[in-house]
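This report describes one protein chain for a reader who is new to structural analysis. Please examine the sequence and the structure together before reading on.

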Amino acid sequence: MTATTERDPGQVQAPVLGLLRDLHRELRIFLGQEQPAGESVGVNAKGHRQRVFDVETDRWIRDWLTAHFPGGVIESEENAAPVAFGDPDTG
């Protein structure tokens, strides 16, 4: 039997499920604070209006990814340029 470099789908799914659970909790808190989520606060990389909700969600996801993965590059429509963190080759 030969060794493969493929990761078990469970290894990939577990961090993503954790992200979704944490994001759901954080968004419930954010929305419960009655933030003006519909207020326009800027323009995203696609030229669309940004809202507080979009910017805060994007920030939270970037923070979560950088805390839970050794490195990578995050591309988002809320940022004009990709954001590299840690060692992109190990992420």
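## A buried aspartate

The side chains of Asp58 and Ser76 make a polar contact at 2.3 Å; a polar contact is a pair of N or O atoms within 3.5 Å, where, within protein, one atom must be able to donate a hydrogen and the other to accept it, and residues adjacent in sequence count only if both atoms are side-chain atoms. The model is predicted: local features need pLDDT of at least 70 and side-chain atom pairs count only at pLDDT 80 or more, while totals for chains, interfaces and linings use all residues. Residues are numbered from 1 along each chain as its sequence is written, and side-chain values use heavy atoms, with hydrogens and water left out.

Asp58 lies in helix α2, residues 52-68. With a relative accessible area of 10%, Asp58 is buried (buried means under 20% relative accessible area, exposed over 50%, and partly exposed in between, with a 1.4 Å probe and protein chains only). Apart from neighbours within four places in sequence, Asp58 is in contact with Ser76, Glu78 and Asn79, where contact means heavy atoms within 4.5 Å.

## Order of the elements

The protein chain contains 2 helices and 4 strands, counted as DSSP runs (helices are H or I with at least four residues, strands are E with at least two) and numbered from the N terminus. From the N terminus on, their order is α-β-β-α-β-β.

## The hairpin

Strand β1 (residues 40-43) and strand β2 (residues 49-51) run antiparallel and are joined by 3 bridges; two strands pair if DSSP finds at least two bridges between them. Val43 has Arg49 in β2 as its bridge partner. Between the strands of this hairpin there are 5 residues, and Gly47 takes a positive phi near 90°.

## The nonpolar core

Which residues make up the largest nonpolar core? The 5 residues are Leu19, Leu23, Leu27, Trp60 and Trp64. Such a core is a set of buried Ala, Val, Leu, Ile, Met, Phe, Trp, Tyr and Cys residues joined through side-chain atoms within 4.5 Å. Helices α1 (9-32) and α2 each supply at least two residues of this core, and the largest share, 3 residues, comes from α1.

Leaving aside neighbours within four places in sequence, Trp64 is in contact with Pro15, Gly18, Leu19, Asp22 and Phe69.

## The chain as a whole

Of the 91 residues in the protein chain, 20% count as buried. Among contacts with a separation of 6 or more, 27% are between residues 24 or more positions apart.
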